[in-house]
Amino acid sequence: MLVLDDTVVNVALPSIRDELGFSASALPWVVNAYFLAFGGLLLLFGWMADLLGRRRVFLIGVALFGVASLACGLAQEPWQLVIGRFVQGAGSAMASPAAMSMITLLYPGPEERAKALGIWGGIAALGGTSGLVLSGALTDLLSWRGIFLINLPIVAAALALLPRLVPESRAPGRRRLGVPGAVLVTGTAVSLVYGLLRAGETGWSDPIALGAVAFSAALAVAFLVAESRAAAPLVPRSFLASRTRAVANGATLLFSMAMYAMSFLLMIQIQTVLGYSPLLAGIAYLPYGAGILAGMWLSSRISFRIGTRWALLLAFLVNIAGLLLLSGVAAGDSYAAHVLPGMLILSLGNGLSLPVMAVAAVEGTTEEDAGLGSALFTSVQQVGGAVGVAALAIMGYSAGLTAGAICVALGAVIIVVLLPSRASGPRQTAGHGADGRSKPAAAPRL
């Protein structure tokens, strides 16, 4: 459900624009409001999940998400929908890292953790793809409002079932929450994306656009200063000492910029240039999910044989090829000859990438910091997606996808130059904590 709402609005954007009266520059905020709250608040809520209880934070986040979904479905003005999407993102920021950290702790061994996160990624991919199909069907046959209201029974089921299935877990000891850091990093992302969107509408001579970007840079500096002086920083420097985790998150940022922008631009291109209805556009996206699942099936087999560095390099090269193929789709092109080949290649590359990046990003995390590791990885994805939609969407379809390919190429360079061929963290034997729960072995050798 959480990943579905990353993509569910993409097919419905033209209908939302027409009914609520969004301007061209304001429409991306239906997507970005969710990304920004999700990505900006993840680190804070990852800490909260570790310290206050992962199950508790998950349930609160799911409930908040449900209330916001209802508000989005009933929105009558553009600002109401954007605020609803922001609150949805905040609920996701609470629920997502708590869920991923519970999975990480339930499967402590390197191989079983990789398999579990691969399944998690597969479910996420199905959520993203089904979101597009579901959005098209509901928008075409009923109303775009249904894409939000359909979340309500899922929320109710999660709230009823999870307390019976998963025990509570939290990190030992008590630490202060990094609220100032979360506020500053969220403000940095919001100001940056606003500046990029305004520049796309009015040009870089606009002082407001330049001021927003400059303010974003100032907030970023303030964040770094605050974190360096904080007794309990949002992301402790010791956590980023793992080069594997740092490189995985850096590559994920560039990857997410490209893929979220591609999804946004491709849905608009298919409907406005190729003339597909919302339902047909959603159905046209179905092979993307099949390609991702195929890539994920191959991913675990490839990564354990050739290692993280070379598995990610291969995956990123496949992604680059898919983006470049899709960038050529133009008016009058057929689906089978021009859209489908690039879509299949790109989806295969996505499937090859996602599980390996996820495992590398949480390498060596334990009972103490599983929520933080999960939150940092998901935060990088969401902020990268927001910046990518803002920066690449204003370039236009073909140029935006080409720029996305360049972003992925930069990620490939980072992987080759900086990522260790083998994880360097010490291996530990899994034990049991005082509560009887398994404690994960450290750093799987990737």
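Which helix gives the most to the lining of the second largest pocket? The legends below cover this and other close-ups.

The model is predicted: local features need pLDDT of at least 70, side-chain atom pairs count only at pLDDT 80 or more, and totals for chains, interfaces and linings use all residues. Residues are numbered from 1 along each chain as its sequence is written, and side-chain values use heavy atoms, without hydrogens and water.

**View 1. Lining of the second largest pocket.** H10 gives the most, with six residues. Helices H2 (29-52), H8 (179-202), H9 (207-229), H10 (243-272) and H14 (370-393) each give two or more. Helices are DSSP runs (H or I, at least four residues), numbered from the N terminus. By class, the lining has 17 nonpolar, six polar and three charged residues.

**View 2. Centre of the second largest pocket.** The volume is about 750 Å³. Of 26 lining residues, Leu-43, Val-185, Phe-223, Leu-376 and Val-380 are the closest to the centre. A pocket is an open set of points on a 1 Å grid where a 1.4 Å probe fits, with protein on both sides within 12 Å along at least five of seven lines; lining residues have an atom within 4 Å of a point.

**View 3. Start of helix H13.** A side-chain oxygen of Ser-334 comes to within 3.3 Å of the backbone nitrogen of Ala-337. H13 (residues 335-361) has 27 residues. From first C-alpha to last, H13 reaches 36 Å, close to the 39 Å expected at 1.5 Å a residue.

**View 4. Trp-144 and Phe-148, an aromatic pair.** The rings are edge-to-face (planes over 60 degrees apart, centres within 6.5 Å). Their centres lie 6.3 Å apart, with 85 degrees between the planes. Both Trp-144 and Phe-148 are buried (under 20% relative accessible area, 1.4 Å probe, protein chains only).

Definitions and conventions
The expected span of a helix is 1.5 Å times one less than its number of residues. A polar contact is a pair of N or O atoms within 3.5 Å; within protein, one must be able to donate a hydrogen and the other to accept it, and residues adjacent in sequence count only if both atoms are side-chain atoms. Grid points are joined across faces, edges and corners, and a volume is the space filled by probe spheres set on the points. Ala, Val, Leu, Ile, Met, Phe, Trp, Tyr, Cys and Pro count as nonpolar, Asp, Glu, Lys and Arg as charged, and the others, Gly among them, as polar. Rings of Phe, Tyr and Trp (its six-membered ring) pair if their centres lie within 6.5 Å; planes under 30 degrees apart count as stacked, over 60 as edge-to-face and the rest as tilted. Buried means under 20% relative accessible area, exposed over 50%, partly exposed in between (1.4 Å probe, protein chains only).
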